[in-house]
Amino acid sequence: MILLQVNQLSKSFGVEPILENIKLEVQERDRIALVGRNGAGKSTLLKVIAGEYSYDTGEIMKSKDVRIGYLAQDSGLESNETIWQEMLSVFEGLQEQERKLRQMEIEMGAEHILNDPVAYERLLKTYDQAQHDFKDEGGYQYEANIRSVLHGMRFYPDDYSRRIQTLSGGQRTRLALAKMLLQAPDLLILDEPTNHLDIDTLSWLESYLSGYRGAVLIVSHDRYFLDQVVSVVYELSRNQCRKFTGNYTKYLEQKAALYEQEMKQFEQQQEEIAKMQDFIQRNIARATTTKRAQSVRKRLEKVDRIDRPDGEERSTVLSFPIEKQSGNDVLQVSDLAIGYSEPVSTHITFRLQRGESLALVGPNGIGKSTLLKVLVGRLAPLFGEFRFGTGVSIGYYDQEQAELNDRNRVIDEIWNEWPLMREQEVRSVLGQFLFSGDDVFKLVHELSGGERGRLALAKLKLRKTNVLVLDEPTNHLDLDSKMVLENALVDYEGTLLFVSHDRYFIDRVATRVIEMSANGVTDYLGDYSYYLEKKAEQEEIARLEAEEAKLAKIMPQKIDKEAQKEEKRRKQELERLEQQIGQFEARSAEIEQLLCEPEIFNDIPKATALSAERDQLEHDLLVLMEQWEQLEQ
């Protein structure tokens, strides 16, 4: 079933077209990614579909009663309620149904209803139907659903009573996503939902969206996330939209193959056109071949010419040269504790050698960014020490780009630090980072997140340091810019220490991974895939050890219970044997008495039978006595 269709949609801001003749279709349970460069119009298209922006031409058709949920990027939840109260508000309808059920239960116990069989039966029937509806709509599990989603978003029972207005921006953004997931619209539109999520939360969200009952339309720059979740990709490029089937990796493969095919068709047509033009030029003036040349010219005029296929849009040109190499020992961290008023992580100890590329990973709030700020001198450690080696020069990339002056022009951000550079040189550097023409005169506060990131990277390139300390360098970068940055860092001849939640980026760049916790770090020598493999192995070992410990605790109890059961069986068997022995002994004594009586003694057949019975009893008594003796021992 088709939930939504976008047909021939166009949108402009002023005279500048943003979207032209866009076609897009969303069916039930679709998992769609919208990809493209920063500024391609992805967020604009989502806002148009969600009804937050108008459009100039075209149409958007929606199925009747389709519910659309839209979450803009970095849109934090605003509320005066507690976390739990705000999440409960999603299920006000179910809570009202629950109140009605309780009211009907009270009425069914009322005397006037109990004394009126017709009214009681009518109320009971209404109650049964209401209870059935309540169950079908999830009335008995909505609180469990709230707990599950909050847990996935890293909110725990101790957090439920916290006021939302006291949370950080990142926490409110995660909470807004949690609320949207609980609302479960038919079409879930998410613009950069992976911002502010740590790696574990990203994995949980991937799993949740894969099983989501509605359709999902996503803008994300996280390639690993897109590969795991989506099955359809729409690419926005040069104001146009093109559909590809498959995840992000399949999209790249299809796009490359399509470009190659279109280029081949274009070149073949150009070759045919050249041959026809050559034939016309050589034969149009000759009387014997003029007619044939004119015929070829007519055919040439009717050719539906193929436009040269557009290649990749212009990309950032990026490298990080170094002025001089550092010594082999770059950094030594010893028993460091970091935080503000209270430590968030302690006993941090590790070394960094020249040429290594070290990724710091761990849950949000564990102090990854704080550690980087301590190492570059922006914060003081709470205790412990660290020391950089000889010849180390540090370039620091702050995810908040706090060093950029919002009142400066883009060109001034370079000139203020390198005043001897000529304007042409500055423009050349900025041009490599896609600042061209009048873009260099923009004020920094007018720049988008991606543009600010590119400007910070341009300054980092010019510093030519031999150690790069990078805090979330891929934030706000489009997928193409991320790839360019990855290639530059892979080729970097210095040493890298970075924090990132982009798993694909970590996998490509890192040669070593350190996982931070509240009580220290765990070191993994290898890329992100190796880290995941080793962590899974360690978790499996821990699980087996926990099971063994549990069994070790349970087994003595089980053995003790078995012993008690066995002792009970032994006593029961002893009692049975003693009872049987007593019966046999009584019968044997009775037979002895009978054999002494004259009427039995003189009755040879009867006396013989009784004697045989007595002998058998004596034999059976010996067997029973042996069994009793064994059990008694």
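Select H6: its buried residues (under 20% relative accessible area, 1.4 Å probe, protein chains only) pack against helix H2 (83-88), helix H3 (92-108), H7 and helix H8 (199-210). Helices here are DSSP runs of H or I with at least four residues, and strands are runs of E with at least two, numbered from the N terminus. The model is predicted, and local features need pLDDT of at least 70, while side-chain atom pairs count only at pLDDT 80 or more; totals for chains, interfaces and linings use all residues. Residues are numbered from 1 along each chain as its sequence is written, and side-chain values use heavy atoms, without hydrogens and water.

Next, pick out Tyr-142, Ile-146, Val-149, Leu-150 and Gly-152, which are buried in H6. Seen down the helix axis, the buried residues of H6 fall within an arc of 160° (taken from the directions from the axis to the C-beta atoms), so they line one face. Arg-154, which follows H6, has a positive phi near 70°.

Now show the sheet. Six strands make an open sheet with mixed pairing, in the order S5-S6-S7-S3-S8-S9; two strands pair if DSSP finds at least two bridges between them. Strand S5 (68-71) and strand S9 (240-245) are the edges, each pairing on one side only.

Zoom in on strand S3 (residues 31-35) and strand S7 (residues 215-219), which run parallel and are joined by three bridges. Within S7, Leu-217 stands opposite Ile-32.

Notes. Buried means under 20% relative accessible area, exposed over 50%, partly exposed in between (1.4 Å probe, protein chains only). Contact means heavy atoms within 4.5 Å.
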